Amino acid sequence: MNRPVQFIKTAIVLAGCALALSCGNNRKAPEGELQGEISLSGAFALYPLAVKWADEFRKLHPYVKIDISAGGAGKGMTDALAQVVDLGMVSRDVYDSEVAKGALAFAVAKDAVVATINADNPVLEKLLETGLTQQNAVRLWITEDITIWGQLTGTPDDTPVHVYTRSDACGAAETWAQWLGATQEDLGGTAVFGDPGVAMAVQKDKLAIGLNNLSYAYDENTRLPNPGIVVMPIDVDGNGRVDDYERFYATKDDIIEAIANDRYPSPPARDLYLVSNGVPQNPVVIEFLRFILTEGQQYNVPSGFIGLSQDKLDAGLALLPAEALSVEPVEEEETAE
């Protein structure tokens, strides 16, 4: 059995808990230096890139504290609308009903959801030849009438298929369901919390098929699929085989290029968003968003994501106040001896 993979360098906490990162300090900033706090929560998909942005932003503004937690896109949206956090990380389109409640969405990156299978799957070679059609994905996750691997490979193999999905309200499952003409609530299979949770389930179960964001299907350092995982190709044209132009899953860089060139379908490729409740007023949050939409975009591709068109970035910048207000230095609290 493959050992579970450390998908990111911070702790992974499953079964209803969230990933969290906090960076910053309580030192008093020199006059005129940006100081304050920013909080984000939400999509596992956007978490690794948000951490990178936070690290780079704090190199420019060391007196800013940034707290980031991952618990699914649904949590990010709920927290943003309730003003529990400054920004919600959301890996799906924003609903009209959420806009009516004050949700203001800034598109910040693009990635994709992929089907993942175990590297020891008994019919792996055949699966890589046939791929996954949209129709068969519907039969796996929606109608649930594909129950054995032979139905996918066109062989007599009667080994059962173990389908996995997400238990938390999330952009990955919602986007995958959108590709299938459904909603997350329509997805069948064994429900597991979080992107890392589904990836670990697929690693441990040789009969598994799941859905994961790119950051949890591929290793960020090697750029190869994580140990124990194979990304199942999508048979885009539905002709029953994976043609040469549909083969771009060997490395993370290969699939990123395919997404950027629209060779991978959208959905399950999708834009990722940071969402605020109304126009941000906190100068630190404004400057953080401005950084992400400008120089911060240089970190998208190296971090395994896709940059956005200048039109989308300009649209986000137009939502921000022209200038952030000045920030008063924060006094250090005295600590009782």
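Modeller: Some terms come before the pairs. Buried means under 20% relative accessible area, exposed means over 50%, and partly exposed lies in between (1.4 Å probe, protein chains only). The model is predicted, so local features need pLDDT of at least 70, side-chain atom pairs count only at pLDDT 80 or more, and totals for chains, interfaces and linings use all residues. Residues are numbered from 1 along each chain as its sequence is written, and side-chain values use heavy atoms, with hydrogens and water left out.

Biologist: Why is aspartate 253 called partly exposed?

Modeller: Its relative accessible area is 38%, and partly exposed covers the range between the two cut-offs, so the label applies.

Biologist: What makes arginine 223 and aspartate 253 a salt bridge?

Modeller: A salt bridge is a side-chain nitrogen of Lys or Arg within 4 Å of a carboxyl oxygen of Asp or Glu. For arginine 223 and aspartate 253 the N to O distance is 2.9 Å, so the pair meets the definition. Arginine 223 is in the loop between helix H9 (214-217) and strand E9 (229-232), and aspartate 253 is in helix H10 (residues 252-260), so the pair ties together parts 30 residues apart in sequence. Helices (H or I, at least four residues) and strands (E, at least two) are DSSP runs, numbered from the N terminus.

Biologist: How do you know that arginine 92 counts as buried?

Modeller: Arginine 92 has 8% relative accessibility, and therefore counts as buried. Its salt-bridge partner is glutamate 98, with the closest N and O atoms 2.7 Å apart. Glutamate 98 is also buried, at 9%.
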